[in-house]
Amino acid sequence: MDPWREPEWFLLDYAKPVKASSSAEGKGPDQAVNEDATTWWRANTADRGQWLEVDLEHTMDVRAVQINFADDELPIESPGEIRGNAAQPRYIEERELTTRWILEGSEDGITYFMIEDKSQADTDLPHDLIVREDGISVRYLRLTILKIPYDVTPCISGFRVFGIGTGEKPSIPVFTADRSEDALDLLVEIQGKNDAVGYNILWGHEEAKLYHSYQIYRKPEDVQDGKETGIKQKIGALVKNQDYFVRVDAYNENGITKGTTVKLKR
């Protein structure tokens, strides 16, 4: 197996329309599809059956779904003995806890079918992965949460859908790359395009050995009037008097388009 091969499946739901049964203030459902693990959707109550639904905008070939639960608050007293010193106490849970949910899919948003039923699961998997090697045709995916440890309000930091897109790969990225005045920072400016979900900035000491990378997701605010504004990125990672080569690759739900490699001035 070639470790350098391109992936066969791509992220399909980044920044796609998403809705929920309820949301706490400042923790809307869009935060479950923004590829930022420091933010999350939080339901407004801990009632059984809170749900989160993403719209892929058209029927797609879905091969995997990753569900990442988040910890927001634990508004309960410690259920057992606190171990450790007073400055950093901790509780070691000895009970068997469970995380239960169901994942459904639909092509029209009206009739749903079961993708994965964990309503009777005896496991507690806060980061679960469901794989369908043969693929399923689906547009809407709805996660309904039935039980989580301590019966607290459910939170999802990542509702990630992977598969094979039906469109075109992004166009070849146009960019400039320079060093800062002190030669220690890499300064990259990518010309605006609206067909990319994001970019990978790769660099290294040799043209064929671009082993360092920095990933950027295009944010919704980067698009104005249907056109993407330019993206500027500063990366503090260089060494003086060292040669560097840089390439920018663009990616979307259909694949990766490699850019042209350039050599930085010392």
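1. Of the contacts in the chain (heavy atoms within 4.5 Å) between residues at least 6 apart in sequence, 70% join residues at least 24 apart. The model is predicted, with local features needing pLDDT of at least 70 and side-chain atom pairs counting only at pLDDT 80 or more, while totals for chains, interfaces and linings use all residues. Residues are numbered from 1 along each chain as its sequence is written, and side-chain values use heavy atoms, with hydrogens and water left out.

2. The chain holds 18 strands and 0 helices, where strands (E, at least two residues) and helices (H or I, at least four) are DSSP runs numbered from the N terminus. Buried residues (under 20% relative accessible area, 1.4 Å probe, protein chains only) account for 44% of the 266 residues, and the C-alpha trace spans about 60 × 55 × 45 Å along its principal axes.

3. Strand E16 (residues 245-252) is mostly covered, with 8 of its 8 residues buried. In a regular strand the side chains alternate between the two faces of the sheet. Phe245, Arg247, Asp249 and Tyr251 point one way from E16, whereas Val246, Val248, Ala250 and Asn252 point the other way, and all are buried.

4. Pairing, for which DSSP must find at least two bridges between two strands, links E16 to strand E11 (residues 198-204) in the antiparallel sense through 7 bridges, with Leu202 opposite Arg247. Strand E18 (residues 262-263) is also antiparallel to E16, over 2 bridges, and there Val246 stands opposite Val262.

5. E16 pairs with strand E17 (residues 255-257) over 3 antiparallel bridges, Ala250 standing opposite Thr257, and a hairpin of 2 residues joins E16 to E17.

Technical notes: Buried means under 20% relative accessible area, exposed over 50%, partly exposed in between (1.4 Å probe, protein chains only).
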